[in-house]
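Hi,

Here is the structure I promised to pass on. Have a look at it first, and then read my notes below.

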Amino acid sequence: MNVTLKVWRQSAGEKGRFERYEARNCNPNMSFLEMLDEVNEDLTNSGKEPIVFEHDCREGICGCCSLVINGEPHGPEYRVASCQTYMRSFKDGDVITIEPFRSKAFPVIKDLLVNRGAFDRIIQAGGFISVSTGSAPDANSIPVPKVSADLSMDAAACIGCGACVAACKNGAAMLFVSAKAAHLNLLPQGLAEKDRRVLAMVGTMDAEGFGSCSNTYACEAACPKGITVDFIAKLNRDYALASVRTKLLGTDVAA
Amino acid sequence: MTLNGNVPSGPLANQWSEYIRHSKLVNPANKRKFEIIVVGTGLAGASAAATLAELGYKVKAYCYHDSPRRAHSVAAQGGINAAKNYQNDGDSVYRLFYDTIKGGDFRARESNVHRLAEVSVNIIDQCAAQGVPFAREYGGTLANRSFGGAQVSRTFYARGQTGQQLLLGAYQALSRQIGLGAVQMFTRHEMLDLIVVNGHAKGIVTRNLADGEIKAHTADAVVLATGGYGNCWNLSTYGRQSNATAAWRAYKKGAFFANPCYVQIHPTCIPRSGDYQSKLTLMSESLRNDGRVWVPKRKEDCGKNPNDIAEADRDYYLERKYPSFGNLAPRDISSRAAKEACDDGRGVGPGGRGVYLDFSEAIQRLGKHKVEERYGNLFDIYKEITGEDAYQVPMRIYPAIHYTMGGLWVDYSLMSNVPGLFVLGEANFSDHGANRLGASALMQGLSDGYFVIPNTINNYLATQKEKRPAADSDAAVRAANEVRDGVKKLLAIKGKRTVSDFHRELGNLMWEKCGMARDKEGLEYALREIPKLREAFWRDVNVTGEGEELNQALEKAGRVADFLELAELVCKDALHREESCGGHFRSEHQTDDGEALRHDDKFAYVAAWEFKGVGTEPDLHQEPLNYEEVKLATRSYK
């Protein structure tokens, strides 16, 4: 099959533009990124610069992928990352538009590759349990109900790709932040610093320039791991409680 | 030269506590005066960087991804071993130690493996405390499952994403230290050289992948945790970025490379479908708990719908050949058995390079719901890639390059022969011998990072005389300039062939001649071809773009250039090791029934190679493997 690509090209300090390329003789079993590899081989052989895009594991777990395909983060298939999209999802003759994840908080570095450092800074602010190596009790000394562990795992499955932000008209990062907060807050090990965690993470999220959540649920629809907006509801509740408790206690727990 | 592993004296079970008891401490006020560079922030690197920072050292950590959370440890599916004996099924530190030694075909250093088994229990405690959402029983205790090469259930897991969850635990611990200012994190930075001053490792040169800036960074010690070199074979289960460059450049600065021919080929991967293929996807070994591996007994049945092949016409070859371990035979053995079946003309799928992994019996026994609960995400991955529903038809699987047991040589303290250079995780050679058991890579990475390095690096720091050089010292400036010249050289060639083209050719050559089965003739052929290919690369490669910008073609070119040198060392090592052991199978050395035949009288040693120049014969150093606790035996899983 043959398809035409409209690809976003942008260098540092430059305004971007779309370029058209032809991808010929694609095998339907090829992954979308393998199709781009082939286009890049052709570009290189004709003396042009290959398209820059972020990728690594190519099995949907590292979260490097950050392509908007035909207007949808990670493309047309439900609950997969860009790298798990296969050419069998397209038809011969299709025109496919490829853009980077776009958001104020994710500036483009080059072509389809963006800077998602803001996500790391949110985790650095509070997305952890403060337990230094060596100070842990025996793993079975704190029982964790299976339902809590399972729900925590549902949230922890987030791969940090940022599709939720790219899909949101407000550029909100609530699905990402709520998933990490829920992962840790749902476990007994994470309770001790729950309030502190939530306030610090949400504070950093706001400072990084992410927008506000207006409950469109576009994030859940785009999420390759099926993280649900239920976690956003939980984050809102945890945040409200943490704010109240902090005021009552009169301490700045987020500091 | 004979190498010394610096193993503490005394009985095996006491060595680690003895080592700690006699190690030199650095007092808290002095710790903050020491700077430590950690390169790579996967399981081993992130856990090391976090732990060293917790102790009070000033840590600078580097990764080439945009975030430490993307390291390829993230892709490990099945689990992590630990000798907790929570199942009351007879497990113990000794048993985990013995299984690992035996699984490695008696080619690992006893003392290191025993230490690994000892600290395995602490790893689970640490990870549970960090909030790793391990699978649980209804009573709230941890669940276990069994894995290849063991007869106990000692594998802890978090669905099919154990590596991801353990990495996120280490990443979060690291993030906490970054937030506290104890770790300075450099993302999108690739190490391109090691700075050695008076024989000691004192820094690295990096290229900032976002803008191309090349810079020297100095420290009191350097820790490499940069993973394995499986992408030397091009198609593998590794991430596409995984590379050997950091380790290889350390080798070229004097660090010995040990046992490069020990490479793991994983039996359960999705077979390749075409030349365009960029990677092979692993199906977790845990599938072999309930899936049964078979091929048709008759060649003429290979094209048939597998569901139409009668039970009596199927050859469940692992169950037939290895009745006591059956489908859970270790990886090297299972891979080779699959290759034999396909070589025999009984392979299935495109090109006859595949075997069936069948769940119909498990679905009957447990119900589809239970199978879905255990392996649902893997069945989903399989469907995404192949378009086939494995609940209806058996999966097709075939072996692929998955892990490298070889790596930079380290002594018991995980320090290389270059003082001040420590190597952790897959990047070192130390714990898995000639074959790694499933669920042991995560264990080793975290053992090295959380528990070993914080107790050994102090011995070096407390006694070292060589001071940390300034970033503008002669040695640092010289090293950075050499890297700049190397980059310019690559960009100036402007030849006709792409980097990927060379990588593919190298990968095919390595897979054919230095893959699952090797022989003298094939290896000698490869050793003639690799230098030619390398020469062609430096004459005719086309690297587009500039050095002072984000340039993925340039990144890849540097890595492939290193693979083109490393491949030669792998083949040399494979040729010199005139025996079969673990993942290294020499066709000339097999028993009458086709099993690996070791020659302990000649090869019970670690082969550590010293760089003498590209294209020049490296020097071989031997570290004898003295087995005190375990008797060398022929590995049997029958």
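In what order do the strands of the open sheet of 5 strands in chain B come? Keep in mind that this is a predicted model. The order is β5-β2-β1-β9-β17, and the pairing is parallel. At the edges sit β5 (183–186) and β17 (421–423) of chain B, each of which pairs on one side only. On average, neighbouring strands here are turned by 20 degrees against each other, ignoring direction.

One pair to look for is Leu224(B), which has Val423(B) as its bridge partner in β17(B). A helix also lies against the sheet: α12 (residues 441–463) of chain B packs on it and touches β1 (35–39), β9 and β17 of chain B. The direction of α12(B) makes about 150 degrees with that of β9(B).

Next, another helix of chain B. In α4 (residues 93–103) of chain B, the buried residues are Leu96(B), Phe97(B), Asp99(B), Thr100(B), Ile101(B), Lys102(B) and Gly103(B). They pack against β3 (80–81), α5 and α12 of chain B, and α12(B) is the helix that packs on the sheet too. After α4(B) comes Asp105(B), with a positive phi near 55 degrees.

Is Ala150(B) buried or exposed? With a relative accessible area of 13%, Ala150(B) is buried, because anything under 20% counts as buried. Apart from neighbours within four places in sequence, Ala150(B) is in contact with Asp99(B) and Phe325(B). For a sense of scale, Ala150(B) and Ala173(B) are 23 residues apart in sequence and 31 Å apart in space, C-alpha to C-alpha.

There is some antiparallel pairing to find as well. Strand β12 (residues 292–296) of chain B has 4 of its 5 residues buried, so β12(B) is largely enclosed by the rest of the structure. It pairs with β14 (residues 355–358) of chain B in the antiparallel sense over 3 bridges, with Val293(B) opposite Leu357(B). β12(B) also pairs with β13 (residues 314–315) of chain B, again antiparallel, over 2 bridges, and there Pro296(B) stands opposite Arg314(B).

Finally, the contact between the chains. Chain B and chain A each put 73 residues into it. About 6000 Å² is buried between them, and carbon and sulfur atoms give 49% of that. Arg70(B), Arg136(B) and Tyr276(B) supply 12% of the area that chain B buries against chain A, more than any other three residues.

How many salt bridges are there between chain B and chain A? The count is 6, and one salt bridge between the chains joins Lys279(B) to Glu59(A), with the closest N and O atoms 2.6 Å apart. There are also 43 residue pairs in polar contact between the two chains. The elements giving two or more residues to this side of chain B include α3 (43–55), α11 (368–386) and α14 (499–513) of chain B. Which element gives the most to the side of chain B that touches chain A? That is α6(B), with 9 residues.

Best wishes

Notes
Residues are numbered from 1 along each chain as its sequence is written. Chains are lettered from A and ligands numbered from 1 in the order in which they are written. This is a predicted model: local features need pLDDT of at least 70, side-chain atom pairs count only at pLDDT 80 or more; totals for chains, interfaces and linings use all residues. Side-chain values use heavy atoms; hydrogens and water are left out. Two strands pair if DSSP finds at least two bridges between them. Axes are lines fitted to C-alpha atoms, for helices over the stretch in contact, and angles run from 0 to 180 degrees between N-to-C directions. Contact means heavy atoms within 4.5 Å. Buried means under 20% relative accessible area, exposed over 50%, partly exposed in between (1.4 Å probe, protein chains only). Buried area is the accessible area (1.4 Å probe) that two parts lose on being put together, summed over both. A salt bridge is a side-chain nitrogen of Lys or Arg within 4 Å of a carboxyl oxygen of Asp or Glu. A polar contact is a pair of N or O atoms within 3.5 Å; within protein, one must be able to donate a hydrogen and the other to accept it, and residues adjacent in sequence count only if both atoms are side-chain atoms.
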